[in-house]
Amino acid sequence: MDDKTVHQHVLDELEYAPMIDAAQIGVTVENGIVTLTGHVRNYAEKGIAERVVLRVRGVRGVVERIEVRYPNCPIVGDEALAERCARVLAWDVQIPENAVTLKVENGCVTLDGCVPFYHQKAAVDQALRRLAGVTDIVNLIAVKPLAQATEVKSRILAALRRSARDPDTIRVHVDGDKVTLDGCVDVWSEREIAERAAWSAPGVRAVEDRLTLA
(Lines give C-alpha, C1' and ligand atoms only; values in the text may rest on other atoms or scores of the structure.)
Protein backbone atom coordinates (compact mmCIF):
# COMPACT_ATOMS: atom_id res chain seq x y z
CA MET A 1 0.00 0.00 0.00
CA ASP A 2 1.42 3.43 -0.96
CA ASP A 3 2.04 6.19 1.59
CA LYS A 4 -0.69 8.45 0.19
CA THR A 5 -3.34 5.78 0.77
CA VAL A 6 -2.01 4.95 4.24
CA HIS A 7 -2.02 8.67 5.10
CA GLN A 8 -5.68 9.03 4.13
CA HIS A 9 -6.67 5.87 6.00
CA VAL A 10 -4.89 7.11 9.15
CA LEU A 11 -6.67 10.48 8.93
CA ASP A 12 -10.03 8.73 8.47
CA GLU A 13 -9.38 6.37 11.40
CA LEU A 14 -8.42 9.25 13.72
CA GLU A 15 -11.51 11.17 12.64
CA TYR A 16 -13.64 8.10 13.33
CA ALA A 17 -12.31 7.67 16.90
CA PRO A 18 -14.81 9.43 19.24
CA MET A 19 -12.30 10.20 22.04
CA ILE A 20 -9.83 12.06 19.81
CA ASP A 21 -9.88 15.63 18.47
CA ALA A 22 -8.37 14.68 15.12
CA ALA A 23 -8.20 18.32 13.98
CA GLN A 24 -5.34 18.93 16.44
CA ILE A 25 -3.21 15.98 15.26
CA GLY A 26 -0.81 16.20 12.31
CA VAL A 27 0.02 13.09 10.27
CA THR A 28 2.89 12.36 7.87
CA VAL A 29 3.78 9.00 6.32
CA GLU A 30 7.07 7.81 4.85
CA ASN A 31 7.62 4.20 3.81
CA GLY A 32 4.74 3.10 6.02
CA ILE A 33 6.13 4.88 9.11
CA VAL A 34 3.56 7.32 10.52
CA THR A 35 4.71 10.44 12.42
CA LEU A 36 2.13 12.08 14.69
CA THR A 37 2.48 15.73 15.75
CA GLY A 38 0.23 18.39 17.26
CA HIS A 39 -1.40 18.29 20.68
CA VAL A 40 -4.09 16.44 22.65
CA ARG A 41 -6.17 17.26 25.73
CA ASN A 42 -4.70 14.60 28.06
CA TYR A 43 -2.14 11.80 28.23
CA ALA A 44 -4.78 9.10 27.75
CA GLU A 45 -5.80 10.62 24.41
CA LYS A 46 -2.16 10.52 23.33
CA GLY A 47 -2.06 6.74 23.87
CA ILE A 48 -5.41 6.25 22.13
CA ALA A 49 -4.18 8.11 19.04
CA GLU A 50 -1.14 5.82 18.79
CA ARG A 51 -3.24 2.65 19.15
CA VAL A 52 -5.75 3.88 16.56
CA VAL A 53 -2.98 4.45 14.01
CA LEU A 54 -1.40 1.04 14.62
CA ARG A 55 -4.58 -0.79 13.66
CA VAL A 56 -4.59 0.74 10.17
CA ARG A 57 -3.50 -1.73 7.50
CA GLY A 58 -0.18 -0.75 5.89
CA VAL A 59 1.22 1.05 8.95
CA ARG A 60 4.69 -0.35 9.74
CA GLY A 61 5.44 1.82 12.78
CA VAL A 62 4.59 5.05 14.61
CA VAL A 63 6.78 7.97 15.67
CA GLU A 64 4.80 9.83 18.32
CA ARG A 65 5.61 13.53 18.89
CA ILE A 66 2.27 14.67 20.30
CA GLU A 67 2.25 17.26 23.09
CA VAL A 68 -0.23 17.13 26.00
CA ARG A 69 -2.10 20.39 26.68
CA TYR A 70 -4.78 20.37 29.35
CA PRO A 71 -7.56 22.82 28.35
CA ASN A 72 -9.14 25.00 31.06
CA CYS A 73 -7.35 23.01 33.74
CA PRO A 74 -5.24 24.61 36.51
CA ILE A 75 -1.61 23.52 36.51
CA VAL A 76 -1.04 20.63 38.92
CA GLY A 77 2.19 20.96 40.88
CA ASP A 78 4.63 18.06 40.85
CA GLU A 79 4.22 17.41 44.60
CA ALA A 80 0.44 17.31 44.36
CA LEU A 81 0.59 15.09 41.28
CA ALA A 82 3.03 12.68 42.97
CA GLU A 83 0.67 12.42 45.95
CA ARG A 84 -2.28 11.78 43.64
CA CYS A 85 -0.35 9.06 41.75
CA ALA A 86 0.71 7.35 44.99
CA ARG A 87 -2.90 7.22 46.21
CA VAL A 88 -4.13 5.73 42.93
CA LEU A 89 -1.47 2.99 43.00
CA ALA A 90 -2.22 2.20 46.65
CA TRP A 91 -5.88 1.55 45.80
CA ASP A 92 -5.22 -0.64 42.73
CA VAL A 93 -5.55 -4.33 43.66
CA GLN A 94 -3.49 -5.43 40.60
CA ILE A 95 -0.35 -3.69 41.87
CA PRO A 96 1.60 -5.31 44.76
CA GLU A 97 1.86 -3.12 47.83
CA ASN A 98 5.07 -1.07 48.10
CA ALA A 99 6.38 -2.58 44.83
CA VAL A 100 6.54 0.70 42.91
CA THR A 101 8.23 4.05 43.54
CA LEU A 102 7.64 7.16 41.48
CA LYS A 103 9.15 10.55 40.71
CA VAL A 104 7.38 13.50 39.08
CA GLU A 105 9.14 16.27 37.17
CA ASN A 106 7.22 18.81 35.09
CA GLY A 107 4.27 16.42 34.86
CA CYS A 108 6.42 13.50 33.66
CA VAL A 109 5.96 10.49 35.97
CA THR A 110 8.96 8.12 36.20
CA LEU A 111 8.13 4.71 37.67
CA ASP A 112 10.61 2.31 39.25
CA GLY A 113 10.46 -0.89 41.27
CA CYS A 114 9.84 -4.58 40.66
CA VAL A 115 6.75 -6.76 40.06
CA PRO A 116 6.39 -10.50 39.30
CA PHE A 117 4.26 -10.16 36.12
CA TYR A 118 4.27 -7.85 33.13
CA HIS A 119 0.50 -7.22 33.38
CA GLN A 120 1.17 -5.60 36.77
CA LYS A 121 3.75 -3.30 35.19
CA ALA A 122 1.20 -2.38 32.51
CA ALA A 123 -1.48 -1.86 35.18
CA VAL A 124 0.60 0.90 36.80
CA ASP A 125 0.78 2.77 33.50
CA GLN A 126 -2.96 2.23 32.93
CA ALA A 127 -3.84 3.49 36.40
CA LEU A 128 -2.00 6.80 35.96
CA ARG A 129 -2.60 7.70 32.31
CA ARG A 130 -5.99 9.35 32.97
CA LEU A 131 -4.86 11.59 35.83
CA ALA A 132 -5.03 15.32 35.11
CA GLY A 133 -1.55 16.84 35.08
CA VAL A 134 0.28 13.80 33.69
CA THR A 135 2.16 14.79 30.53
CA ASP A 136 4.25 11.63 30.08
CA ILE A 137 5.01 8.30 31.78
CA VAL A 138 8.42 6.61 31.87
CA ASN A 139 7.91 3.04 33.07
CA LEU A 140 11.18 1.55 34.37
CA ILE A 141 9.53 -1.14 36.53
CA ALA A 142 11.38 -4.48 36.35
CA VAL A 143 9.61 -7.83 36.01
CA LYS A 144 10.84 -10.72 38.22
CA PRO A 145 11.28 -13.56 38.96
CA LEU A 146 12.71 -15.26 35.91
CA ALA A 147 10.99 -18.36 34.61
CA GLN A 148 12.59 -21.31 32.82
CA ALA A 149 12.93 -20.65 29.08
CA THR A 150 11.14 -23.87 28.14
CA GLU A 151 8.22 -23.02 30.42
CA VAL A 152 7.94 -19.48 29.02
CA LYS A 153 8.01 -20.74 25.44
CA SER A 154 5.38 -23.43 26.06
CA ARG A 155 3.07 -20.90 27.72
CA ILE A 156 3.41 -18.45 24.82
CA LEU A 157 2.80 -21.13 22.20
CA ALA A 158 -0.25 -22.37 24.11
CA ALA A 159 -1.62 -18.81 24.25
CA LEU A 160 -1.05 -18.37 20.52
CA ARG A 161 -2.88 -21.61 19.75
CA ARG A 162 -5.87 -20.30 21.71
CA SER A 163 -5.96 -16.89 20.00
CA ALA A 164 -4.11 -16.64 16.68
CA ARG A 165 -5.75 -17.84 13.47
CA ASP A 166 -2.54 -19.41 12.16
CA PRO A 167 -0.08 -19.79 15.08
CA ASP A 168 2.27 -21.99 13.03
CA THR A 169 3.48 -18.91 11.09
CA ILE A 170 4.88 -17.42 14.32
CA ARG A 171 8.22 -18.59 15.73
CA VAL A 172 9.10 -18.03 19.40
CA HIS A 173 12.65 -17.90 20.79
CA VAL A 174 13.34 -17.40 24.51
CA ASP A 175 16.74 -16.28 25.80
CA GLY A 176 16.64 -15.74 29.56
CA ASP A 177 14.02 -13.06 30.18
CA LYS A 178 13.85 -11.93 26.53
CA VAL A 179 11.37 -13.26 23.97
CA THR A 180 11.89 -12.87 20.22
CA LEU A 181 8.92 -13.27 17.88
CA ASP A 182 9.66 -14.04 14.25
CA GLY A 183 7.68 -15.05 11.17
CA CYS A 184 4.68 -13.38 9.51
CA VAL A 185 1.04 -12.56 10.22
CA ASP A 186 -1.89 -11.63 7.99
CA VAL A 187 -3.07 -8.53 9.90
CA TRP A 188 -1.64 -6.20 12.55
CA SER A 189 -4.07 -7.51 15.19
CA GLU A 190 -2.39 -10.94 14.94
CA ARG A 191 0.91 -9.25 15.77
CA GLU A 192 -0.68 -7.65 18.84
CA ILE A 193 -2.02 -11.06 19.92
CA ALA A 194 1.49 -12.54 19.67
CA GLU A 195 3.04 -9.65 21.64
CA ARG A 196 0.36 -9.89 24.33
CA ALA A 197 0.96 -13.63 24.65
CA ALA A 198 4.70 -13.04 25.06
CA TRP A 199 4.30 -10.27 27.63
CA SER A 200 1.80 -12.36 29.64
CA ALA A 201 4.36 -15.09 30.38
CA PRO A 202 5.85 -14.78 33.91
CA GLY A 203 9.40 -13.41 34.09
CA VAL A 204 9.42 -11.83 30.63
CA ARG A 205 11.13 -8.43 30.71
CA ALA A 206 11.66 -7.76 27.00
CA VAL A 207 9.91 -8.71 23.77
CA GLU A 208 11.54 -8.18 20.38
CA ASP A 209 8.90 -8.23 17.67
CA ARG A 210 10.31 -9.16 14.25
CA LEU A 211 6.96 -10.25 12.84
CA THR A 212 6.12 -8.95 9.37
CA LEU A 213 2.82 -8.54 7.57
CA ALA A 214 2.27 -11.15 4.89
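Author: Because the model is predicted, local features need pLDDT of at least 70 and side-chain atom pairs count only at pLDDT 80 or more, while totals for chains, interfaces and linings use all residues. Residues are numbered from 1 along each chain as its sequence is written, and side-chain values use heavy atoms, without hydrogens and water.

Reader: What makes a space a pocket and not a cavity?

Author: On a 1 Å grid over the protein atoms alone, a cavity is a set of points where a 1.4 Å probe fits but cannot get out, whereas a pocket is an open set with protein on both sides within 12 Å along at least five of seven lines. The largest pocket has about 1300 Å³, a volume being the space filled by probe spheres set on points joined across faces, edges and corners.

Reader: Which residues count as its lining, and which lie nearest the centre of the largest pocket?

Author: Lining residues have an atom within 4 Å of a point; the largest pocket has 28 of them, with Arg51, Tyr118, Arg129, Glu195 and Trp199 nearest its centre.

Reader: Which helix gives the most to the lining of the largest pocket?

Author: Helices are DSSP runs of H or I with at least four residues, numbered from the N terminus, and H2 gives the most, with 8 residues.

Reader: How many nonpolar residues are in the lining of the second largest pocket?

Author: Ala, Val, Leu, Ile, Met, Phe, Trp, Tyr, Cys and Pro count as nonpolar, Asp, Glu, Lys and Arg as charged, and the others as polar; therefore, by these classes, the lining of the second largest pocket has 8 nonpolar, 1 polar and 2 charged residues.

Terms used. Helices (H or I, at least four residues) and strands (E, at least two) are DSSP runs, numbered from the N terminus.
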